[in-house]
Amino acid sequence: MSLPELSTPIRIYWDLTPLPAVPPDHEKIVAGVIELKILILDITATGSTIPTSCLKILEKCTAARLGVTLTVSPAAYPAQAELLALAPPNVLLFEVTGIDTLRALFPLPQPVSGVSFPLGGHNWEQIPDVIHFCSKNGIKHLVFPMQRLYRGEVPFYIPASGLKEISDALSTFSSAPGLSVTAHDPFVWRAIFPLSPFPEGRCQAANTMLSIDQEGVVYPCPVMPVPLGNLKEMTLMEIAKGEQKRALRSRLLSLPGECAECPDAQSCKGGCRGRGERVYGTWEAFDPGCK
């Protein structure tokens, strides 16, 4: 079942790094996030160092009792571990891009409770191995995050044959009860959990979520680089309640025209709408990940 349509989001994705030459006012942005009364803030700070402002953001979120997931680089963590302990996020993840790196990091230092595993052409075949490893070794959180397409990156998707490989490799596998696996790609989700409907039903861009890039530009989601406003010029509340966001969300409620005759359309709801638009240049295109 699809989630309801909301007046303001319940989750914000905020990428802090790499820091631009003139960063936006991070303290002003987090004040806007708190004012918006969101439930979850997903911060990504995977540069060679964790920005000092990130620690101040965590302090403000802790005081506001806002749930925070923070993803950092394993190499950057040791230098900031003591400071992060003063205002710890609810969930702390290491960004890992290969199974060999994951094995080398084990056991994860406390309080790191899981890994974020961005997918690409170099590592998607490792999905079953990563799930097996996390399950076997008591890792609590495994996230396959959304691709960032803010800077003209080429959209990535796993072909149907690859999704079947993943599904077949996991067909007789049951993960440990303590492992939470999150896959934001609806077709990757289906390959991992073939018997469970995608939790959010349809694309939730500009509904349950918004995304903030390193420059302070707000987007419907990380995979949909359609600017809704700039936090150097507007408040987050103004953007979240703005006409541009409402108009885009209204567009996304209709299935892509190319999906109209597809028998699976009512289950996948058009898949990732941002990916379809980026690849084919129209909102009427299907998500290439479904083919």
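Predicted model: local features only at pLDDT ≥ 70, side-chain atom pairs only at ≥ 80, totals over all residues.
Student: Where does I192 lie?

Tutor: In helix 7. Now look at T182, 10 residues away along the chain. Its C-alpha atom and that of I192 are separated by 9.8 Å.

Student: Why is I192 called buried?

Tutor: Take its relative accessible area, 11%. The cut-off for buried is under 20%. The value of 11% falls below that, so I192 counts as buried.

Student: Turn to helix 3. Which of its residues are buried?

Tutor: Y77, Q80 and L84, in a helix that runs over residues 77-84.

Student: What do the buried residues of helix 3 pack against?

Tutor: Three elements: helix 2 (52-63), strand 3 (67-72) and strand 4 (91-95).

Student: Now the cysteines. How many disulfides does the structure hold?

Tutor: It holds 0. Take C221, which is in no disulfide.

Student: How do you know that C221 is in no disulfide?

Tutor: Set the distance against the cut-off. The nearest cysteine sulfur belongs to C203 and is 5.8 Å away. A disulfide needs sulfur atoms within 2.5 Å.

Student: What makes C221 buried?

Tutor: Its relative accessibility is 5%. The limit is under 20%, so C221 counts as buried. C134, at 1%, counts as buried too.

Student: Last, the second largest pocket. Which residues lie nearest its centre?

Tutor: F187, R190, G289, C290 and K291, out of 19 lining residues. Helix 6 (160-170), helix 7 (186-192) and helix 10 (265-268) each give two or more residues to the lining. The space in this pocket is about 300 Å³.

Student: What classes of residue make up the lining of that pocket?

Tutor: There are 10 nonpolar, 3 polar and 6 charged residues. Mind G289, one of those nearest the centre. Gly counts as polar in this scheme.

Terms used:
Residues numbered from 1 in each chain as written. Heavy atoms only, no water. 1 Å grid on protein atoms, 1.4 Å probe; cavity = no way out; pocket = protein on both sides within 12 Å on 5 of 7 lines; lining within 4 Å. Points joined across faces, edges and corners; volume = space filled by probe spheres on them. Helix = DSSP H or I, 4+ residues; strand = E, 2+ residues; numbered from the N terminus. Buried < 20%, exposed > 50% of the residue type's maximum accessible area, 1.4 Å probe, protein only. Contact = heavy atoms within 4.5 Å.
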